[in-house]
Amino acid sequence: DGAAGGGRAANRTPARQLKRGPSLPRLSIHMLEVSQPSLFIFGYGYVARAVANLAFKEGYEISATVRDAKLIEALRRERVFAHLFSDRGLSSSGLSALDGATHILSTAPPSNSGDALLRWHTPQILKAACDRSLHWAGFLSTTSVYGDHAGCWVNEQSHTRVSPDSKASQRLSAEQAWLSLRDSTGGQLRSHVFRLAGIYGPGRSALDTVRRLAEAAEAGQTDSVEAASILAARAAVRESTPLEASATKYVSRIHVDDIARALLASMQAPAESADAAVYNVADDEPAPRAAVLAFSAELLGMPRSLAWSKGAEGSGSRASRRERENKRVDNSWMKAKLLTQGLAYPTYKEGLRAIKQRDP
């Protein structure tokens with residue numbers, strides 16, 4: 001952290017040695033005021049499913065929105081009551097579910113028009129909060145709102161650096177819209193923003209990336225940029241090759257199970273302790289992408305040289321952002337307020353080992 005402005009904030013909780021795999025806090029008295037807590041999830045994707053699974057075990061009824069009517073019955077088998085959301089907003093059944101929710105979680109990315117749930121249904125949300133049935137709202141944002149900080153640490157008070165009309169700018173605008181609900185309800189609705197680092201977990205990790213790249217190379221797909229670069233790397237890069245300077249850009253990550261645990265801890269926190277509105281959700285060890293891929297290759301018994309192939313950098317907007325941005329995300333506030341007993345997967349190493357053990 002030697003660069004100017006790169007140290008952790010002096011008033012932040014220092015990192016501590018943490019225990020692994022803690023239990024969630026007990027339901028608070030505030031939560032027990034209702035017969036059964038009800039979680040309404042806007043957008044049902046990878047993170048939402050993990051949250052729903054954990055919330056169900058904690059006694060929540062789960063409702064979620066889908067764009068495809070064919071998914072309604074499939075989600076019902078997962079004990080999720082699904083409701084259609086269209087360009088005209090929620091279906092009638094969805095409106096009923098929203099009216100009866102004690103907790104709302106927005107996971108769908110916003111657009112240039114803002115958060116779609118708020119665009120259509122802010123009046124219903126405010127009414128439910130003022131009627132005291134709804135008391136918690138969460139919005140999933142991203143640490144990309146911080147932009148580039150030259151490898152320095154960022155916390156919740158750090159400057160955000162987004163380009164106009166970028167996806168990160170849309171997230172930042174949506175953050176403010178959700179946080180404003182707290183003031184609009186006189187504090188009755190506890191609205192929170194969770195800035196997620198790079199998400200990984202079963203079926204979506206560096207292990208999958210390494211397997212895919214290796215399969216492409218073995219198949220002899222030399223017309224593929226990825227496969228050709230892998231074959232070249234295997235021939236030219238020795239197993240002991242250190243990380244190049246260009247590969248030392250830091251990326252922060254978070255296991256999907258720890259995301260779910262952090263959200264449930266916030267949902268179950270007593271109202272009087274819910275004094276933080278924004279949380280960084282990241283693990284303890286930011287690391288260069290190449291280091292994580294090299295570790296994954298070792299776990300799979302594959303050449304570490306896969307980690308330095310051009311194809312391993314990925315493609316598209318996400319890879320482009322990784323090339324532009326370099327920062328390390330401080331998670332001290334989240335651990336002090338939500339996961340007080342620590343992360344289940346403090347670093348990518350514990351997380352990837354667990355995934356490998358589950359799916360060898």
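How many of the 11 residues of helix α9 are buried? In this predicted model, nine of the 11 residues of α9, which spans residues 289-299, are buried, so that the helix is mostly covered.

- Strands of a sheet pair through backbone hydrogen bonds, and they may do so in either a parallel or an antiparallel way.
- β3 and β4 run antiparallel and are joined by two bridges, and in this pairing Ser86 has Gly89 of β4 as its bridge partner.

**Strand β1 and its neighbours**

- On one side, β1 pairs with β2 in the parallel sense over four bridges, with Leu39 standing opposite Ile62 in β2.
- The chain passes from β1 through α1 to β2, and this β-α-β crossover is right-handed.
- β1 also pairs in the parallel sense with β5, residues 103-106, again over four bridges, and here Ile41 stands opposite Leu105 in β5.
- Five of the five residues of β1 are buried, and the strand is therefore largely enclosed by the rest of the structure.

**The nonpolar cores**

- In soluble globular proteins, nonpolar side chains tend to be buried together.
- The largest nonpolar core in this model has 44 residues, and the residues with the most contacts inside it are Leu39 and Phe194.
- Among the elements that give two or more residues to this core are the strands β1 (38-42), β2 (61-66), β3 (80-86) and β8 (190-196), as well as the helices α1 (46-57) and α8 (256-267).
- Of the contributing elements, α8 gives the most to this core, with eight residues.
- Another core, of 25 residues, lies apart from this one, and its members include Ala97, Ala137, Leu189 and Val278.

**Cavities**

- A search of the whole structure finds two cavities of 30 Å³ or more, and the second largest cavity has a volume of about 30 Å³.
- The lining of this second largest cavity is made up of Tyr44, Ala52, Asn53, Phe56, Ile62, Glu78, Arg79 and Val80.
- With three residues, α1 gives the most to the lining of the second largest cavity.

**Residues with positive phi**

- Arg79 lies in the loop between α2 (71-76) and β3, and although this residue is not a glycine, its phi is positive, near 70°.
- Arg79 has a relative accessible area of 47%, and because this falls between the limits of 20% and 50%, the residue counts as partly exposed.
- Ala150, in the loop between β6 and β7 (153-154), likewise is not a glycine and has a positive phi of about 55°.
- The relative accessibility of Ala150 is 56%, which is over the limit of 50%, and Ala150 therefore counts as exposed.

- Leaving aside residues up to four places away in sequence, the contacts of Ala282 include Ala197, Ser252, Arg253, Ile254, Val329 and Leu343.
- Although Ala282 and Pro346 are 64 residues apart in sequence, they are 9.0 Å apart in space, C-alpha to C-alpha.
- The buried residues of α9 are Arg289, Ala290, Ala291, Val292, Leu293, Ala294, Phe295, Ser296 and Ala297.
- After α9 comes Gly301, which has a positive phi, near 70°.

Technical notes:
Residues numbered from 1 in each chain as written. Predicted model: local features only at pLDDT ≥ 70, side-chain atom pairs only at ≥ 80, totals over all residues. Heavy atoms only, no water. Core = buried A, V, L, I, M, F, W, Y, C linked by side-chain atoms within 4.5 Å. Buried < 20%, exposed > 50% of the residue type's maximum accessible area, 1.4 Å probe, protein only. Pairing = 2+ DSSP bridges. Right-handed = clockwise from strand over helix to strand, strands pointing away. 1 Å grid on protein atoms, 1.4 Å probe; cavity = no way out; pocket = protein on both sides within 12 Å on 5 of 7 lines; lining within 4 Å. Points joined across faces, edges and corners; volume = space filled by probe spheres on them. Contact = heavy atoms within 4.5 Å.
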